[in-house]
Amino acid sequence: MTTVIDNSKVSKHLGQTSEYKDQYDPHLLVHEPRSSNRRHLEIYDDRLPFVGYDVWNAYEVSGLTYNGLPATGVAKIVYPCNSKYIVESKSIKLYFNSFNMYKCGCTPKEVLQHITDTAREDLSNLLETEVQVYITDGHEPSSDDTITLFPRWRYHTIEASFTNSYLRGMSIDQYTETPELLEIDDITFHELDGPPELIYNTTHLHSGLLKSNCRVTSQPDWGDVYIYIKSHNGVNIESILKYIISFRDECHFHEEICETIYKRLMDVYVPDELCVTCLYARRGGIDINPVRASSEHLINKDLITPEVLHTKTLKQ
């Protein structure tokens, strides 16, 4: 995928040496039009081929009570993919850090509520859409409070389905997004000593080999991709694995990678139902988790519910 994209707006913080302000400053936030990456995919804002959300977890959220006691929490941010803009990741990191020495409540609970309300308003204004924000007190969550989004018994890890001998014979040499790698097949899937070539009709796929690079800094972004697909066309899982690997040297934001995968799978397999979720590794105290689906009911509700924390992948 060779696409020239204007990075002038999102380069305000990304790739630059930044001053970390210690008092609240909403002007740190930067947005970027979604359309900048959608044009070459023939995705248009007024007729999106999917529904979906961008889900952010920010782990470095803190402020002070009026008497100087720190309050800490984890912020979960959810906003729809039909918004005109996305928020740039480093700007939101700097934004939350601007609360670090900011006194805004009598108790830790009041501090976190103030940051929640302020962030919800600032992000909604920035992105011109309704943004949901919920901050969980850093002292409250335990392992019993988290939800497993994609259980292993349901999602079939593609790279684990091949024998070592078959993997050694597999030729992989494309590291920029190559939709031509995707193939339709009509062989029934079995876990064999040879190539498991197909899962037909309805399947849940996972790969932990998703890797792309930041659009501005070229820093690596590591992730897991979860695909639900229901199609009358046979899905060749070797070709899907090679396609996922072809993002390895692509330079795009997380949301753009998810939408590209969705669009290519939709174009090739013409599925009745499709959902693509990318859970990216934490970087700079933030992880970003976009999801795109052909219908709202396919989206994991726990993922997009601000009050619900989910169990992290190994990378997160």
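Predicted model: local features only at pLDDT ≥ 70, side-chain atom pairs only at ≥ 80, totals over all residues.
At what angle do α5 and helix α6 pack, and how far apart are their axes? Local features need pLDDT of at least 70 and side-chain atom pairs pLDDT 80 or more, while totals for chains, interfaces and linings use all residues; numbering runs from 1 along each chain as its sequence is written, and side-chain values use heavy atoms, without hydrogens or water.

View 1. Glu238 lies in helix α5, residues 237–245 (a DSSP run of H or I, at least four residues, numbered from the N terminus). Glu238 counts as buried at 15% relative accessibility (under 20%, 1.4 Å probe, protein chains only). Its side chain makes a polar contact with that of Tyr166, at 2.3 Å (N or O atoms within 3.5 Å, one able to donate a hydrogen and the other to accept it). Beyond neighbours within four places in sequence, Glu238 contacts Phe162, Tyr166 and Met170 (heavy atoms within 4.5 Å).

**View 2. The N-terminal end of α5.** Asn236 caps this end. A side-chain oxygen of Asn236 lies 3.1 Å from the backbone nitrogen of Glu238. Nine of the nine residues of α5 are buried, so the helix is largely enclosed by the rest of the structure.

**View 3. α5 against α6.** The two helices pack at about 150°, with axes 12 Å apart (lines fitted to C-alpha atoms over the stretch in contact; angles run from 0 to 180 degrees between N-to-C directions). They are therefore roughly antiparallel (over 145 degrees). Ser239, Ile240 and Tyr243 of α5 meet Thr260, Ile261, Arg264, Leu265 and Tyr269 of α6.

Technical notes
Buried < 20%, exposed > 50% of the residue type's maximum accessible area, 1.4 Å probe, protein only. Parallel < 35°, antiparallel > 145°, perpendicular 65-115°, else oblique.
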